[in-house]
Amino acid sequence: MNNKRILMATMRMDIGGAETHILELSKALRQRGYEITVASNGGVYVPELEAAGVRHVTIPLHRRSLWNLARSYFALRRLVKSGEFDLVHAHARIPSFLCGLLWRRLKFPFVTTAHFTFTTGGLAGKLTNWGEKTIAVSEDIKTYLIDHYGVRDEEIFTTVNGIDMDRFSKTVPGDSVRAELGIPEDAPVVLQVSRLDEGPATPVEQLLEATATLAQETPNLHVVIVGSGNQFDRLRAKAEAVNTALGRTALHMTGLRTDVNACLATANVFVGVSRAALEAMSAELPVVLAGPQGYGGIFGADKLALSRDTNFCYRGCELSSANAILRDVRTCLAMTPEARSALGQYGKETVRQYYSVETMTEDTIKAYKAVLYRPKRLLVSGYYGFHNAGDEAILDAFVQSTKDLPVPVKVTILSKTPAETAKKHGAEAVSRFNPFAVFRAMRNTDVLVSGGGSLLQDKSSTRSIIYYLSIIRLAKLLGKPVMLYANGIGPVDRPANRRRVRKVVSQADMITLREESSREELLRMGVTAPELHVTADPIFLLSGADEDGALHAFREAGIPGDRPLIGLSVRTLRTGAEFVSQMAAFCDRLTRELDCHVVFVAMQRPHDVTVSREIMSRMTESAYLLGDLSPEALISACGQMELVVAMRLHTMLFAAKAKTPVIGLICDPKIENFSEKLNMPSGGPIEDFCPDRLLILTREMLVDQDRYRDRLTTAVAEMDLKAKENGAYLSQLL
């Protein structure tokens with residue numbers, strides 16, 4: 001993207017921290033192949049911009065009068081409508097306000113940079129627009145934007161005031177500046193660079209007051225003030241009065257200069273804040289941090305954290321004073337050459353590590369990319385918001401995996417409980433039962449992702465399969481691409497439902513399935529969609545585990561650590577009281593004969609909790625029930641167990657991820673399929689539940705645990721790779 005055309009809009013290009021930021025950024029972007037145009041009222045930096053190949057357009061963006069605002073608006077409008085620019089980047093309040101007005105009408109890619117804090121009340125607050133993305137030059141300005149303007153955290157990029165360290169170096173000659181100002185070669189110099197407007201000029205005036213004393217203590221001392229503004233004449237008169245009282249020229253008011261680097265080369269001590277202070281640090285000068293918003297004192301390692309947090313401006317700190325400046329400048333002048341050199345070296349290394357032009361440029365390009373390459377919008381349909389741990393794990397894994405896609409994406413989820421889902425998964429969510437919300441979300445999406453999980457089945461009800469097929473049908477009616485993402489298909493027993501699946505699924509643009517049997521089932525139904533890709537369940541995309549969360553859950557459940565643990569995941573079935581009694585007897589025998597504790601893992605609340613408590617109530621031995629856990633904590637919990645017996649597919653998969661041997665009780669064909677894929681023995685059909693047979697199998701697997709763990713290691717490694725293919729196929733569709 002380094003041939004993009006950028007329009008920078010700012011008030012003016014005179015001496016100042018924001019202006020120097022724009023100067024260095026424009027030059028660095030130009031070196032990378034960007035075409036840069038700067039629109040401003042002009043200033044001393046314009047020749048340097050143009051010498052670097054940056055075009056400048058003069059627009060009176062520096063005044064708030066209605067006449068100037070109108071002139072500037074139409075001048076910017078002509079520039080933007082010319083089609084010469086791919087992106088507009090505004091700096092300062094007036095340019096941001098005017099560009100914001102234009103953006104609402106013309107909808108061009110729009111970024112702003114916040115260099116300072118501003119008043120938020122009245123008309124001033126309304127004259128502010130922060131663009132599609134905002135770049136803040138420090139963390140405290142980012143916090144300020146969030147707290148005072150309601151800018152969302154995810155819309156803000158944080159950068160630094162990048163310093164050209166070759167330009168601001170102690171090797172730059174300063175002899176010409178000394179000669180111009182009549183300063184002897186051996187005379188110590190204190191330098192301050194600042195805009196001399198009301199407010200920023202306050203520390204300058206304080207330095208003038210301190211000079212009366214400093215110049216008496218150090219008879220050959222010279223103080224140089226670089227900058228201009230509406231307070232310049234008043235401060236120059238005050239400087240002349242100090243010089244008259246001293247009987248010599250100790251104070252020099254130079255006005256605006258572009259050779260600040262040469263001025264720094266003449267100095268022994270610098271007084272100032274923000275970007276000017278960083279430039280002085282790059283030139284290896286001791287720096288006394290005194291600004292209009294706060295006072296930092298002599299910069300050293302003890303000031304680094306606070307300095308970075310406030311962008312070297314010390315907002316919220318004690319205010320600057322003439323006495324504080326006098327004290328700290330006096331200290332710097334009294335240092336040995338070795339001490340001053342050490343302080344200067346530390347400042348230079350600080351700039352090198354944290355404030356390079358390269359860092360500033362990279363941060364800015366990231367913001368540009370976020371606007372120029374807008375994220376693709378994905379609408380995800382599944383069994384979400386129903387407190388089913390397996391499906392929530394699928395969703396968690398999917399959202400995590402989208403961060404690795406080659407294009408940025410924005411995920412919206414159809415959920416039963418949208419507020420809870422949005423908070424849990426860090427994505428937007430809308431009610432799956434609100435037809436207007438679903439329609440709006442579908443109309444605004446780029447791709448519908450249906451899945452994962454067993455959505456297309458009529459074992460639970462026909463209503464469920466009709467719902468998911470209707471969502472796919474709506475997407476196709478609106479011309480949206482559809483992907484069935486790692487679906488498990490079936491069972492679909494009713495002939496009418498099989499016809500519905502064939503008709504709707506054949507319209508899908510991409511289909512991935514989590515097992516071969518699902519592919520075979522779709523083929524039997526006569527689905528004629530493009531190639532059906534067999535991948536793996538998305539939970540194999542989950543990375544890491546949450547051991548602290550699992551241990552906390554164990555403590556909450558009161559699980560002792562004196563015996564091995566065997567996990568049990570059960571679900572409500574039509575087998576009723578007989579199954580509950582048989583399972584209770586089985587758990588009692590596990591506890592007694594294998595000297596273990598039985599831990600129930602509830603995957604769907606409240607249903608699994610209810611049946612687990614029923615079984616526990618019929619047991620004579622103690623058993624335990626785990627609370628609601630995150631997917632990562634569930635993986636860790638399974639990892640603490642010797643073996644897991646499961647009627648829930650995703651309990652099996654959590655155990656497999658943790659390399660814990662698992663026995664599936666077949667209450668659904670998918671349990672049998674995954675027992676085979678994991679190379680784990682099954683406990684047989686639940687209709688033929690035999691506690692004796694299951695106890696023997698459990699005992700055998702505990703004795704030969706290492707062999708079963710090795711099997712899982714091999715199977716899971718293969719599924720991890722297959723699960724990643726889901727993202728590759730989604731990328732193709734995007």
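This is a predicted model: local features need pLDDT of at least 70, side-chain atom pairs count only at pLDDT 80 or more; totals for chains, interfaces and linings use all residues.
Helix H4 covers residues 93–106. At 1.5 Å a residue, its 14 residues should span 20 Å, and the C-alpha atoms at its ends are 20 Å apart, which agrees. Of these 14 residues, 10 are buried, so the helix is largely enclosed by the rest of the structure. The buried residues start with the run Arg 93, Ile 94, Pro 95, Ser 96, Phe 97, Leu 98, Cys 99 and Gly 100, and they also include Leu 102 and Trp 103. Just after H4, Lys 107 takes a positive phi of about 55°.

With a relative accessible area of 4%, Leu 251 falls under the 20% limit, so it counts as buried. Between Leu 251 and Ala 393 there are 70 Å in space, taken from C-alpha to C-alpha, and the two are 142 residues apart in sequence.

The model has 1 cavity of 30 Å³ or more, and the largest cavity holds about 30 Å³ of space. Its lining consists of Gly 385, His 387, Glu 392, Thr 417, Glu 420, Thr 421 and Lys 424. Helix H17, residues 418–425, gives the most to this lining, with 3 residues. By class, the lining of the largest cavity has 4 polar and 3 charged residues, and no nonpolar ones.

Open space comes next. The second largest pocket contains about 1,200 Å³ of space. It is lined by 39 residues, and those nearest its centre are Gln 457, Ser 460, Arg 571, Gln 604 and Arg 648. Two or more lining residues come from each of helix H16 (389–402), helix H19 (462–477), H24 and H26. H19 gives the most, with 4 residues. Sorted by class, the lining of this pocket has 13 nonpolar, 14 polar and 12 charged residues.

A cis peptide bond joins Gly 451 and Gly 452, with omega at about 0°, and Gly 452 belongs to strand E17, residues 447–453. In strand E18, residues 482–487, lies Ala 486. Ala 486 is not a glycine, yet it has a positive phi of about 50°. Its relative accessible area is 0%, so Ala 486 is buried.

The text now turns to a set of paired strands. Strand E21, residues 565–569, runs parallel to E22, and 4 bridges join them. Leu 565 stands opposite His 597 of E22 in this pairing. Strand E22 itself spans residues 597–600; His 597 and Val 599 point one way, Val 598 and Phe 600 point the other way, and all are buried. E22 also pairs in the parallel sense with strand E23, residues 623–625, over 3 bridges. Here Val 598 stands opposite Ala 623. In the loop between E22 and H24 is Pro 606, and a cis peptide bond with omega of about 5° links Arg 605 to Pro 606.

Another group of strands is built around E25, residues 662–666, where 5 of 5 residues are buried. On one side these are Val 662, Gly 664 and Ile 666, and on the other Ile 663 and Leu 665, so both faces of the strand are covered under the 20% limit for burial. Strand E24, residues 643–646, runs parallel to E25 and is joined to it by 3 bridges. Val 645 has Ile 663 as its bridge partner in E25. E24, helix H26 (residues 649–657) and E25 make a right-handed β-α-β unit. E25 also pairs with strand E26, residues 682–685, in the parallel sense over 2 bridges, and Ile 666 stands opposite Pro 685 there. From E25 the chain crosses through helix H27, residues 669–677, to reach E26, and this β-α-β crossover is right-handed.

The loop between H27 and E26 holds Asn 679. Asn 679 has a positive phi of about 60° although it is not a glycine. At 41% relative accessibility, Asn 679 counts as partly exposed, whereas Ala 486 is buried.

Note on methods. Residues are numbered from 1 along each chain as its sequence is written. Side-chain values use heavy atoms; hydrogens and water are left out. On a 1 Å grid over the protein atoms alone, a cavity is a set of points where a 1.4 Å probe fits but cannot get out, and a pocket is an open set with protein on both sides within 12 Å along at least five of seven lines; lining residues have an atom within 4 Å of a point. Grid points are joined across faces, edges and corners, and a volume is the space filled by probe spheres set on the points. Ala, Val, Leu, Ile, Met, Phe, Trp, Tyr, Cys and Pro count as nonpolar, Asp, Glu, Lys and Arg as charged, and the others, Gly among them, as polar. Buried means under 20% relative accessible area, exposed over 50%, partly exposed in between (1.4 Å probe, protein chains only). Two strands pair if DSSP finds at least two bridges between them. The expected span of a helix is 1.5 Å times one less than its number of residues. A crossover is right-handed if, with the strands pointing away from the viewer, the path from the first strand over the helix to the second runs clockwise.
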